[in-house]
Amino acid sequence: MTLARIFDLAFGNIGRFFKEISFRKEERGPVSWSFVGTLLLVLVYGLIMLFSASYSTGYYRKGGDIYYFIKPQVIVAVIGIAMMFIISNINYRSLRHMQWYLYALTLALLVLALFSEPQNGCYRWVYLFGSSLQPSELAKFSTILGISCWADAHYEQRGGFVHGILGPLLPLVPYVFLLYKEPHNSAIILLILIAGTMLFCGGIGLRWLLPVGAVGAAALVYMLTSQDNYVQQRLGAWGLTSGGDEEVLYQTQQSLYSIASGGLTGLGIGNSRQKHLWLPEATNDFIFSVLCEELGFVGALLCIALFAALIIQGIFIALRCPDYFGTMLGIGIMAQIAWQTFCHIGVVTATLPNTGISLPFFSSGGTSLLILLCEMGVMLSISRAGNARALAQRRREQEELARRMNGGTARRTYRRNPV
């Protein structure tokens, strides 16, 4: 391999990224403002609920600071919205050139997390410049981008085993291994669900998907259940095995007490009783329980309806994209939000075993919120391309209609008999 080739592999894609970063004039349409409106409603709803769920914990455990959790979240939200609109002006196709850089960065951060200070016995955080971040959040988007790039580059061969299954899934193996060592089982499950959804919706290796999925599921179950009895304790608390963890069982019980207390209309915003140190992780993994207690079934239904509207609009944006890469990218992003929302609600209602999965745009966590809003910027970039194509198509149809009408008038004028 020549020196020029090595240099191109290392730095060439950076130049190609900046060369392709801007939309051509005919490809740059307006953003989908209905999607933006729904997103802002979800975000504001989430910030209100986070403050309501967190002020008690901040007061009792953070030196009386009731704004301990909400202040950084609001700051990240403002920064994230600004970045969302900046990214919406970037041509999403240019992201293809950043795939391997992002993959390498994510791997480095996941390795670094294993040597960082643990929290509750888990090595999930990296501490840099006085702040912390979770590399697993970056791994989700890296997985989405990687599968989208592979599927687009091997579109014609996507039905085979090598290009349809092995190629897109092989880069996930290091992610899964490093997340297993943290351990971060919920992130592993989400990565697999996102990848499986993208392969299925993209028509990639469909004839191989079921047998490979069955083998992968069996391997995943074995890997998780053999991990120092950690998962068995959570399954036991769910009632599937004996010897459940009493702390996990207590958390699930308190969550159900919280939901049951809400009834139809709830106790009122700010009036939750369980958040006063009865319900563990009320600001993150169990924030939906507090929402149900304070706003009742009506508030929970509104929350689910807003997420459903956001996901459906996002899917339509993805399907309207003029190219396969953008469609796959949009489906992956919306699959992340859909699965994360489903799993969070499933855990707090004891429908699924207890595992730490945050609720998008609601749960406390600056890394998650910032990356989610950046992903929404990518969705808006995709919407620009789709809307530009729709406007161009509508313009051509109007011109064709005008041409036919003018042509018909001319023929009718020509056939008139002179007076």
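# Exercises on salt bridges and helix packing

Arginine 404 has a relative accessibility of 56% and therefore counts as exposed; the cut-offs are under 20% for buried, over 50% for exposed and partly exposed in between, with a 1.4 Å probe and protein chains only. The model is predicted, so local features need pLDDT of at least 70 and side-chain atom pairs pLDDT 80 or more, while totals for chains, interfaces and linings use all residues. Residues are numbered from 1 along each chain as its sequence is written, and side-chain values use heavy atoms, without hydrogens and water.

**Exercise 1.** Find the salt bridge partner of arginine 404 and state how the two residues are placed in their helix.

*Solution.* Step one: arginine 404 pairs with glutamate 400, and their closest N and O atoms are 2.9 Å apart. A salt bridge requires a side-chain nitrogen of Lys or Arg within 4 Å of a carboxyl oxygen of Asp or Glu. Step two: both residues belong to helix α14 (residues 366-415), where a spacing of four residues separates them by about one helical turn. Helices are DSSP runs of H or I with at least four residues, numbered from the N terminus. Step three: glutamate 400 has a relative accessible area of 28%, so this residue is partly exposed.

**Exercise 2.** Which residue forms a salt bridge with arginine 93, and are the two partners buried or exposed?

*Solution.* Step one: the partner is aspartate 323, at 3.0 Å between the closest N and O atoms. Step two: arginine 93 sits in the loop between α3 (70-88) and α4 (99-113), and aspartate 323 in the loop between α12 (287-319) and α13 (324-348), so the pair ties together parts 230 residues apart in sequence. Step three: arginine 93 is buried at 14% relative accessibility, and aspartate 323 is buried at 19%.

**Exercise 3.** Describe the salt bridge between arginine 24 and glutamate 26, then the network that includes both residues.

*Solution.* Step one: the side chains of arginine 24 and glutamate 26 meet at 3.0 Å, N to O. Step two: arginine 24 is partly exposed at 48%, whereas glutamate 26 is exposed at 55%. Step three: shared partners join Arg24, Glu26, Glu27, Arg93 and Asp323 into one network of salt bridges. Step four: the salt bridge count comes to 11.

**Exercise 4.** Work out how helix α5 packs against helix α7, and what the contact is made of.

*Solution.* Step one: α5 (residues 135-153) and α7 (residues 172-181) pack at about 165°, with axes 11 Å apart. Step two: α5 and α7 are therefore roughly antiparallel, a label for angles over 145 degrees. Step three: the contact involves Ser136, Ala139, Ser142 and Thr143 of α5 with Leu172, Tyr175 and Leu179 of α7; contact means heavy atoms within 4.5 Å. Step four: four of the residues in this contact are nonpolar, three are polar and none is charged.

**Exercise 5.** At what angle do α2 and α12 pack, and how far apart are their axes?

*Solution.* Step one: helix α2 (residues 33-61) packs against α12 at about 155°, and their axes are 10 Å apart. Step two: α2 is thus roughly antiparallel to α12. Step three: the residues of their contact divide into 19 nonpolar, six polar and one charged.

**Exercise 6.** Locate glutamine 336 and list the residues that glutamine 336 touches.

*Solution.* Step one: glutamine 336 lies in helix α13. Step two: its relative accessible area is 2%, so glutamine 336 is buried. Step three: leaving out residues up to four places away in sequence, glutamine 336 touches Lys140, Ile144, Ile194, Leu372 and Glu375.

Definitions and conventions
Axes are lines fitted to C-alpha atoms, for helices over the stretch in contact, and angles run from 0 to 180 degrees between N-to-C directions. Angles under 35 degrees count as roughly parallel, over 145 as roughly antiparallel, 65 to 115 as roughly perpendicular and the rest as oblique. Ala, Val, Leu, Ile, Met, Phe, Trp, Tyr, Cys and Pro count as nonpolar, Asp, Glu, Lys and Arg as charged, and the others, Gly among them, as polar.
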